[in-house]
Amino acid sequence: MLRSFSPISATASTADMPMAGRGLLSRWCGDRRGNIAIMFAASLPVLFATAAIAVDGGYLFTERRTAQGAVDLAALAAAADMANAEAAARATLLANDVGAIESLTVTPGRYLPDPNVHHTDRFEPGMSPHDAVEVAFTTRRPYFFARIFMADDAAISVRSIAATAASATFSVGSRLLAVRGGLPNQVLGALTGGSVNLTVMDYNALVDADISLGDQLTALAGEIGITAGTYDTVLASDVTLGDWLRAMAAVTAANGDTTAAAAITSLLLTSTNLGLELPLEQMIALGDLGAFEIGSVGSGLGATFNAMEFATSAVQIANGERQVEIDLGVSIPGLTSLKLQIDVGERPQYGSWAAAGGPSTSVYTAQTRLRLIAQVAGGSLLPGVSLRLPIAIDMAHARARLASTSCESTVEGAAGAEIAVTPGIVTAWIGETGNDWSDLDAPAYVRQANILSLPLVRVKGSALVEATNTTETSLSFTADDIENGVIKRAETSDAIETLVTSLVRNLNLSVEVVGLGIGVPSGLRTTVATLLGGVAAPLDAVVHELLQTLGLHLGEADVRVHGAQCGGARLAG
């Protein structure tokens, strides 16, 4: 059968041809197969660059960590051997296989572990005595993928600061007294509650008998029944004055100091205050040494104190916040009576009389108030008349701080120390004390004194002497100073060695005719001044010896470093 096609059909078929082509192109463009391959191919350069950065960056980060560990070890080695710091640092770096050392800088200086100073400013390069070192070195590591972009190897620069682990054991307040007129016996007797009759030989034996810190604390542990634990356990225990003195007697006897042991035993036999609590945290602070097991012989625990220091410090601390009154009797020409009142306060919080530790460790004296009342005979100038001279002394805390240690001694393991000392403010009056005088937390109150009272005439007077310097004074102790037990002294800017004489010289007297309030008989005022001036110098000697017995000085602070040790180091900064 023949089929016929119309012209119209033929024309339509021809018109559809471009539309088919356009549909094919549209289908090709809308086909998403293979897009990932195209995108992957396009991003390959970025992926390769990222991989290069990741691999090289991770490698360099790891190498920097390794280099930092090596420089930390090098700084520790340099700080532990300050005399050969650079050689020690270089040897440590090479031993840790850090590769070629492009540069190495070893800078000695001082490190101040003061929390009030930003950690980046605590190291002072070049300052002496040297107790710290900064080690900085640079090495290079190759790139791998990044070599395409970087011609040179990567520079790795690291630094570290280490300070010596040296420590010192030191105290503030001297107990090296001279015995005159039995005053130390009277003071110790009042503090121990007994009648003390030690001789000059006994006192000298106590001063000459050295007791190591470790031996005393070990004997104390046995005295209170502690057989295991650390020295911190001992310090945290309840201890009495009797426990401390019995431990001292045992140690001095074991050391062969028989005279000193007998003197301590005499204190034990005559004392009625042996049951007084002795707060050891005010006696001594051990720092890191407290972690040693009882019986251990650590370098810091070998620091020695003389028995006099240990005994007088203990009786004072045990009597803290207790008023002691002593009738000193009449042993000075021109006096008919001499009485003394002592108020010993606690040390500041976290403060002790002696301490062992590193830089910034501090020790304190106790705030002390004294009241001395002298009755002065009128003699031939005022027959049958007695003058009353009340003297009040207020001594604030003195502070000693371990500023730094020096391990540059030629003796292996020995160290020097620098102590920053602030003497306590001393204020002294001629005057009557207020009712709150024994309250050491309250400001001292003193009013004009009645020096002479007669039926129709009254003489009043007052005087004030003050030592007010509160700035730190640096005292340097060499290894030889420490070995020889040298005591050094920081003084205030105002010297008041002759306290009573200074007070009498500055005494402002007023004379009144009772009931009328008129008249100032100059002859009487001159007579009173003459009588008081005659006893001033002897009273100065009494005050000086009294303060020596208590381990104090007017406007001064005595410091002794009992031991200092080198060895080891710690990272700082």
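The model is predicted, so local features are kept only at pLDDT of at least 70 and side-chain atom pairs only at pLDDT 80 or more, while totals for chains, interfaces and linings use all residues. Residues are numbered from 1 along each chain as its sequence is written, and side-chain values use heavy atoms, with hydrogens and water left out.

Start with the inside. The largest nonpolar core has 107 residues, and W244, L387, I393 and L539 are the ones that touch the most other members. Its biggest contributor is helix α14 (residues 522-549), which supplies 11 residues. A core here is a set of buried Ala, Val, Leu, Ile, Met, Phe, Trp, Tyr and Cys residues joined through side-chain atoms within 4.5 Å; buried means under 20% relative accessible area, exposed over 50%, and partly exposed in between (1.4 Å probe, protein chains only). Helices (H or I, at least four residues) and strands (E, at least two) are DSSP runs, numbered from the N terminus. Setting aside neighbours within four places in sequence, W244 has contacts (heavy atoms within 4.5 Å) that include L217, L220, F310 and A314.

On to the strands, where pairing requires at least two DSSP bridges between two strands. An open sheet of 5 strands runs in the order β7-β11-β5-β25-β23, with mixed pairing. β23 meets β25 (residues 556-565) in the antiparallel sense through 5 bridges, and E491 has E556 in β25 as its bridge partner.

Strand β15 (residues 399-406) is largely enclosed by the rest of the structure, because 6 of its 8 residues are buried. It pairs antiparallel with β12 (residues 362-364) over 3 bridges, and 7 bridges join β15 to β16 (residues 416-422), again antiparallel. R399 turns up in both pairings: it is the bridge partner of Y364, and its own partner in β16 is T422.

W429 sits in strand β17 (residues 426-430) and counts as buried at 15% relative accessibility. Its C-alpha atom is 9.7 Å from that of R371, 58 residues away along the chain. Beyond its sequence neighbours within four places, W429 is in contact with residues including P390, D394, W437 and L503.

That D394 also takes part in a salt bridge, with R369, the closest N and O atoms being 3.3 Å apart. The pair links strand β13 (residues 368-377) to strand β14 (residues 386-395) across 25 residues. Both ends are buried, R369 at 2% and D394 at 13%. In the whole structure there are 13 salt bridges, each a side-chain nitrogen of Lys or Arg within 4 Å of a carboxyl oxygen of Asp or Glu. R140 and E102 form another one, at 2.6 Å between the closest N and O atoms. In helix α8 (residues 241-254), D243 and R246 are separated by about one helical turn, because they are 3 residues apart; their side chains meet in a salt bridge at 3.2 Å, N to O. D243 is buried at 11%, whereas R246 is partly exposed at 32%.

Finally, the surface. V55, F144 and F145 make a nonpolar patch of about 290 Å². Patches are built from residues with over 30% relative accessible area and no salt bridge, joining like charges within 9 Å and nonpolar side chains (Val, Leu, Ile, Met, Phe, Trp, Tyr) within 5 Å; areas come from the Shrake-Rupley method with a 1.4 Å probe, and for residues only the protein chains shown count as cover. V55 lies in helix α2 (residues 35-80) and is partly exposed at 40% relative accessibility.
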